[in-house]
Amino acid sequence: MQMPKPKVSFKEQMHLAREDAILQSTCRLLGEKSFDAMTMDDVANAVGIAKASLYKHFASKEDLCCAAMVQILGRVRAYLDTLPADMQPQDKLRDLVRWSLARLITNEMPLLPSRNSSLRAVLMANKEYLDGLVTVSDQIGQWITEAQAQGDINPALPPLVVLYTLFARACDPVVGFLKEGGQYSDAEIVDWVVRTCFDGLAAR
């Protein structure tokens with residue numbers, strides 16, 4: 001017989017709700033400002049709490065942003081699980097890039113930290129983040145090799161090159177540049193970036 005789960009106290013529920021609000025605000029700010037430009041004051045102001053209260057949840061900006069990145073990876077994994085098993089591999093990859101860009105254009109998906117960022121060092125030392133990244137990369141890598149076997153993606157390209165290219169498109173700054181220009185709708189921008197990613201620039 002399965003034992004009932006212990007009830008979460010109201011205080012703990014409020015703590016978890018505030019932590020979720022902190023992480024959501026952090027994800028948005030990382031999309032708007034990047035890690036280096038974002039401050040703990042920015043996060044506290046966005047959530048509407050004192051900075052001292054923020055430090056009760058996370059000891060540093062690196063710890064906070066690391067938790068936000070882990071949460072984002074969880075969202076990516078959950079999305080991958082929604083794709084139909086009988087969907088063509090290239091279509092799965094297209095849908096994933098489209099989904100990622102749709103989040104990026106509304107600042108729900110942060111840009112990747114720079115190579116010399118202190119956040120990158122924290123992420124590389126975080127087992128939960130690395131495990132999630134491996135899971136996502138392995139799944140995408142499988143679809144890449146299947147799409148190459150079917151002739152939908154150039155088989156001469158190393159799968160790792162394709163994988164990193166797709167990761168790069170998922171946080172492509174061109175999305176922000178085009179949106180700031182105000183000439184195109186979000187849907188048009190996402191569609192064009194997906195098309196250039198998979199179809200290239202050559203006239204057919």
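A residue counts as buried when its relative accessible area is under 20%, as exposed when over 50%, and as partly exposed in between. The exercises below apply to a predicted model.

**Exercise 1.** Classify Tyr-79 and Trp-99 as buried or exposed, and determine how their rings are arranged.

Solution. 
- Tyr-79 has a relative accessibility of 16% and is therefore buried.
- For Trp-99 the relative accessible area is 13%, so this residue is buried.
- Two aromatic rings pair if their centres lie within 6.5 Å, and planes under 30 degrees apart count as stacked. The count by this rule is 2 aromatic pairs.
- The ring centres of Tyr-79 and Trp-99 are 4.7 Å apart with planes at 10°, so this pair is stacked.

**Exercise 2.** Determine the geometry of the pair Tyr-184 and Trp-192.

Solution. 
- Planes over 60 degrees apart count as edge-to-face.
- The planes of Tyr-184 and Trp-192 stand at 90°, with ring centres 4.9 Å apart, so the pair is edge-to-face.
- Tyr-184, at 34% relative accessibility, is partly exposed, and Trp-192, at 33%, is partly exposed.

**Exercise 3.** Describe the second largest pocket and its lining.

Solution. 
- The volume of the second largest pocket is about 280 Å³.
- Its lining has 16 residues, and the closest to the centre are Gly-31, Asn-107, Pro-173, Gly-176 and Glu-180.
- α1 (10–33) and α9 (174–181) each supply at least two lining residues; α9 gives the most, with 5 residues.
- By class, the lining holds 7 nonpolar, 4 polar and 5 charged residues.

How values were computed: Residues are numbered from 1 along each chain as its sequence is written. This is a predicted model: local features need pLDDT of at least 70, side-chain atom pairs count only at pLDDT 80 or more; totals for chains, interfaces and linings use all residues. Side-chain values use heavy atoms; hydrogens and water are left out. On a 1 Å grid over the protein atoms alone, a cavity is a set of points where a 1.4 Å probe fits but cannot get out, and a pocket is an open set with protein on both sides within 12 Å along at least five of seven lines; lining residues have an atom within 4 Å of a point. Grid points are joined across faces, edges and corners, and a volume is the space filled by probe spheres set on the points. Helices (H or I, at least four residues) and strands (E, at least two) are DSSP runs, numbered from the N terminus. Ala, Val, Leu, Ile, Met, Phe, Trp, Tyr, Cys and Pro count as nonpolar, Asp, Glu, Lys and Arg as charged, and the others, Gly among them, as polar. Rings of Phe, Tyr and Trp (its six-membered ring) pair if their centres lie within 6.5 Å; planes under 30 degrees apart count as stacked, over 60 as edge-to-face and the rest as tilted. Buried means under 20% relative accessible area, exposed over 50%, partly exposed in between (1.4 Å probe, protein chains only).
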